[in-house]
Amino acid sequence: MPLSGYGVAAVIEKPILDVRELSTDYTVRRAGKWFKVHAVKDVSFTLAKGEVLGIVGESGCGKTTVGRSIVRLAKPHRGKVIFGGIDIFAAAPDELRRLRLKIRMVFQDPFASLNPRRSIGDSVAETGDIHGLFESRADRWRQVENTLKYVGLDGSFATRFPHELSGGQRQRIGIARAILPTPDVVIADEPVSALDISVQAQVLNLLADLQEMMGLSIVFISHDLGVVGQISDHVAVMYMGRIVETAATRDIIDRPIHPYTRTLMAARPKPDPKIRIKAGIETAEPPSQLDRPLGCPYAKRCSIATSYCVTNAPPLRTLVPERMVACHNV
Amino acid sequence: MLRVSDLSVSIGTSADFVDIVSSVSFEIGKGEVLGLVGESGCGKSMTSLAVMGLLADSGPWLRTGCAKLEGFDVIRLPPYRRVEFGHGGIAMIFQEPMSSLNPVMRIGEQIEEAIWVHEKIAGATRARRARELLDMVRIPDASVQLGAYPHQLSGGMRQRVMIAIALACKPQVLIADEPTTALDVTVQAQILSLLRELCDSLGLSILFITHDLGVVAQLVDRVAVMYAGRIVETAVVAQLFERPAHPYTEALMACLPDPAHYSRRLTTIAGHAAKPGEVTKGCAFAPRCRKVAEICVTNSVPYEQLSGDHRALCRFPDTGLQP
């Protein structure tokens, strides 16, 4: 059985996306020497149909690489991603192209991810043009207009250009580009981080609407536990390339178990002046990826670490049903 | 201490202009943190640039207003007087420390440069001051880090260096423009607690500009909420979160994901933020406001005094009296 720690749906139904022991390495050059950086190491999870899985962690923890590896935008080093019975990593170029119609990505920066010289309509239709999804010009127009309607914009946007749009509208276009070929899975990489609070709320609601209307499964990647908690059914917390805790969203928020998850929860600025962050919260920062500690990567910052943690990396183990934690001391 | 009054920044010509910051007034007391909060384009950064005298020769210009510190209008000081006055004046830190630091200069040199500009102190004393400044911003191994280049430091450490450089001229007021937006939450928490510490120990006053209401709740003493170039509400932080009086503040707070009270959909604000010059008569928030009445659209809005320090630019603020 795969390492599935997820909700009831995932156990009963066959998962739509099954990620097994995914590892992605990057080679970087520092001071004339080549180093191998394990951006993602042994990450496993499953995604059920209609499930929203949040991946949360700080910069450099590998959450973006997980998303990019699934669609082979990053080159995975080891592992398997099973989608509809096919191993994506073993797929031939033709097959991969077809798979990428079913697994789509939404990117963080709606200013950088749209071609400034193409009209919105052309940008939205691009996938369809490449894959020959349109029967005629009229059909192309109808589908583009329809997709724009899905993301809450009217057809007149098709003739506009990105510079005429606000950040929130651009992100809607980013989502429209993703859902045009009616995908099964959407990987949203920090889709609301660049947006204002009021616009962020609109885009989160839109994703929730689309998820329900189209029965989408979403991998929602973010650094903000509040945002992840808002939209996800399950959450996986990543630290230095590994998943350190997975559980149902409510459990992560109400009862975080891993010391790192606890720190993340404690550091989140709560909009309540009565609960202020205490001074001197924690001064250490994650260790360098180039100089990976032997044992638990969190040991140095951890308040409950023992000498055993420094030398032995904790495996991700099931603590209580549907909850997995990588820590020796909980 | 710092008193900004009737500050307006405009674009266009003196005959035909549009205000992007409109009659903004606020005060910051000694050792106080004032949070200036609002969404992108509301004019919060423009306000800080105007106060620092950093508006360029072309582009937005200061139409009216002044910023008085110890009786001097700091905005209109000529540049050379500004440097003299900078000793004890205003310093500023920005969102992205990497683009504010010189990538080919060691940290120590950059701090010493700031000290040299303001106080012509000799080498050894200057180096000692630089070390003390790094200690003050809680950078471990200060003597080693002085020789480091910016790229060798993490984002949080770089922002600490920026704070050290800002403190080099012993300012009374620090303007911090989204200093933690680019940082991770755990690092953000550290920087916030450092800033709080500096306020308490040095009596530093901070104008903290942010879009994040969570950060506001964590750090500041008083809040000014900006919308479309105007301050729409000012209050002590506890008051503001307890009972936001302006409908915009209230709506903004409702947009925040709240893990404690979960619902699948968030409250949103209908419509889009007013662009400069878009609303010429009446309240800029009127098109999106749930309490809007005819008078809001036709007449200009007065500030309503709710209690001592709590003011809102609204005809129908939530005073807590009506049900």
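Two strands count as paired if DSSP finds at least two bridges between them. The model described here is predicted. In chain A, strand S11, residues 317-320, and strand S12, residues 323-325, are joined by three bridges in the antiparallel sense. One of the residues involved is A:Thr318, whose bridge partner in S12(A) is A:Met324.

The hairpin of S11(A) and S12(A) has two residues between the strands. A:Glu322 in this hairpin takes a positive phi near 65°.

## The four-stranded sheet of chain A

Strands of a sheet pair through backbone hydrogen bonds, in either a parallel or an antiparallel arrangement. In chain A, an open sheet of four strands runs in the order S2-S1-S4-S5, with antiparallel pairing. Strand S2 (33-47) and strand S5 (86-87) of chain A each have a single partner strand because they stand at the edges, so one side of each is left without a neighbour in the sheet.

A:Phe83 has A:Ile86 in S5(A) as its bridge partner.

## Contact between chains A and B

Chain B contributes 37 residues to the contact, and chain A contributes 34 residues. On the side of chain B that touches chain A, at least two residues come from each of helix H8 (185-202), helix H9 (213-219), helix H10 (237-242) and helix H11 (247-254) of chain B. H8(B) gives the most, with nine residues.

Sorted by class, this side of chain B holds 18 nonpolar, 12 polar and seven charged residues.

Conventions. Residues are numbered from 1 along each chain as its sequence is written. Chains are lettered from A and ligands numbered from 1 in the order in which they are written. This is a predicted model: local features need pLDDT of at least 70, side-chain atom pairs count only at pLDDT 80 or more; totals for chains, interfaces and linings use all residues. Two residues are in contact if their C-beta atoms, placed from the backbone, lie within 7 Å. Ala, Val, Leu, Ile, Met, Phe, Trp, Tyr, Cys and Pro count as nonpolar, Asp, Glu, Lys and Arg as charged, and the others, Gly among them, as polar.
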